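Please keep the sequence and the structure in view while reading.

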Amino acid sequence: MTTVTASTDTALPADWRDLLALTKPRVMSLVVFTALCGLLVAPVNIHPVLGFTAILCIALGAGAAAALNMWYEADLDAFMKRTASRPLPAGRMDRQTALHFGVGLSFFSVILMGVATNWLAAAILAVSILFYVIVYTVWLKRRTPQNIVIGGAAGAFPPLIGWAAATGDVATLPILLFALIFLWTPPHFWALSLFVRSDYAAAGVPMLPVVAGPKATRLQIVLYTLPMAAAAVAPWPLGLTGPLYGVAAAALSLVFLVLSLRVLANKATEPKGMKPEKQLFAYSILYLFTIFGALVADRWLLS
Amino acid sequence: MSRPDPLEGVRPAPPPEPFADQVRRRQRQRALIMALLLGAFVILVYAISLVRMGMGE
């Protein structure tokens, strides 16, 4: 029989900095930004206090989902260099604290969203948290290389929630923004997983580069970039945005496509030869920030 | 202006903080942060209520 004893660190109350780290603040910045853009491009002006509360709830919901993800994946995180220093695998916090923190924050964010804005936005926020935790983390991540294709939907909800918080309904433009992030997620994550493939393999996570190899992954990156670019540009010909956004989306997507073709042309199998993959990963983050920034600029400068 | 410590490097390192003190310190930190967050929450709910009443709800 194995006796488990708490280490000195986990016997201590969790440090507040570790609780903050559970919310993945860096990932949250992209979530908050896209949600804010969804809220700002809505055709209704929301009161600043309610707008602030909506964004706060989306940030807290994203933090709650991240905490529950870390709670469930503590064993996987311990195997990967990128994640081994997180509070749970590093032994600085017990799992129950992370679970209570994540569940409590989830309820808090959804209820506050419903009370402050409307219950449609609260329902979409609840679905996004449940989707990330149950569909992606628990169900898909360890089972299929399509994990981030389907799971990517979880990260695509924020602009939809921002829009719903402002208007109380859902329209074509936020659905296209959802599609854009949904189709952006696979090339973004596969570029990363190509150069940290050994980490995922060590943890037994069936990411596409681990299961199908780098060549097939590089082809899939290009294949997903094409519909992503179409979703990015679509609001312009549909008359939902002006030319400022349309031209910016087309130019930014063209650069994305060029970088993904450079990834396709790369034959390296070791991380040190994967400069195109690292460039695409870095650019993909800049791409999403810039394209959403262009959307807001288009709405506010040209209207 | 402070003088250089002649025993620097010779004096033994201070003893590690006792466990009970570490627990108390972390509890104090968390209680302070919780108090600040609760205060901010009360102000936020107050502001939300004012806005919604102003909207005629």
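## The model

This is a predicted model, in which local features need pLDDT of at least 70, side-chain atom pairs count only at pLDDT 80 or more, and totals for chains, interfaces and linings use all residues. Residues are numbered from 1 along each chain as its sequence is written, chains are lettered from A and ligands numbered from 1 in the order in which they are written, and side-chain values use heavy atoms, with hydrogens and water left out.

Helix 9 of chain A covers residues 172-195, which is 24 residues. Helices here are DSSP runs (H or I, at least four residues), numbered from the N terminus. From first C-alpha to last, helix 9 of chain A reaches 36 Å, close to the 34 Å expected at 1.5 Å a residue. The expected span is 1.5 Å times one less than the number of residues.

Helix 9 of chain A bends by about 25° at Thr185(A), and Pro186(A) is a proline that follows within four residues. The bend is the angle between axes fitted to the seven residues ending at a residue and the seven starting there. Of the 24 residues in helix 9 of chain A, 19 are buried, so the helix is mostly covered. Buried means under 20% relative accessible area, exposed over 50%, and partly exposed in between (1.4 Å probe, protein chains only).

## Helix pairs

Two packed helices are described by the angle between their axes and the distance between the axes. Axes are lines fitted to C-alpha atoms, for helices over the stretch in contact, and angles run from 0 to 180 degrees between N-to-C directions. Helix 9 of chain A packs against helix 12 (residues 213-233) of chain A at an angle of about 160°, with the axes 9 Å apart. Helix 9 of chain A is therefore roughly antiparallel to helix 12 of chain A. Angles under 35 degrees count as roughly parallel, over 145 as roughly antiparallel, 65 to 115 as roughly perpendicular and the rest as oblique. The crossing of these two helices is left-handed, meaning that the near helix is turned anticlockwise from the far one by less than a right angle (clockwise would be right-handed).

How do the axes of helix 4 and helix 6 of chain A cross? Helix 4 (residues 48-72) and helix 6 (residues 95-116) of chain A have axes that come within 8 Å and cross at roughly 155°, which means that helix 4 of chain A is roughly antiparallel to helix 6 of chain A. Their crossing is left-handed. Their contact has 19 nonpolar, six polar and one charged residues. Ala, Val, Leu, Ile, Met, Phe, Trp, Tyr, Cys and Pro count as nonpolar, Asp, Glu, Lys and Arg as charged, and the others, Gly among them, as polar.

With helix 7 (residues 119-140) of chain A, the axis of helix 4 of chain A comes within 10 Å and crosses at roughly 20°. Helix 4 and helix 7 of chain A are therefore roughly parallel to each other, and their crossing is right-handed.

## Single residues

Is Lys272(A) buried or exposed? Lys272(A) is exposed, with a relative accessible area of 81%, and lies in the loop between helix 13 (243-265) and helix 14 (275-302) of chain A. Its C-alpha is 8.1 Å from that of Phe195(A), 77 residues apart along the chain.

Lys24(A) lies in the loop between helix 2 (16-22) and helix 3 (25-40) of chain A, and is buried at 14% relative accessible area. Phi of Lys24(A) is near 45°, a positive value in a residue other than glycine. Most residues other than glycine have a negative phi.
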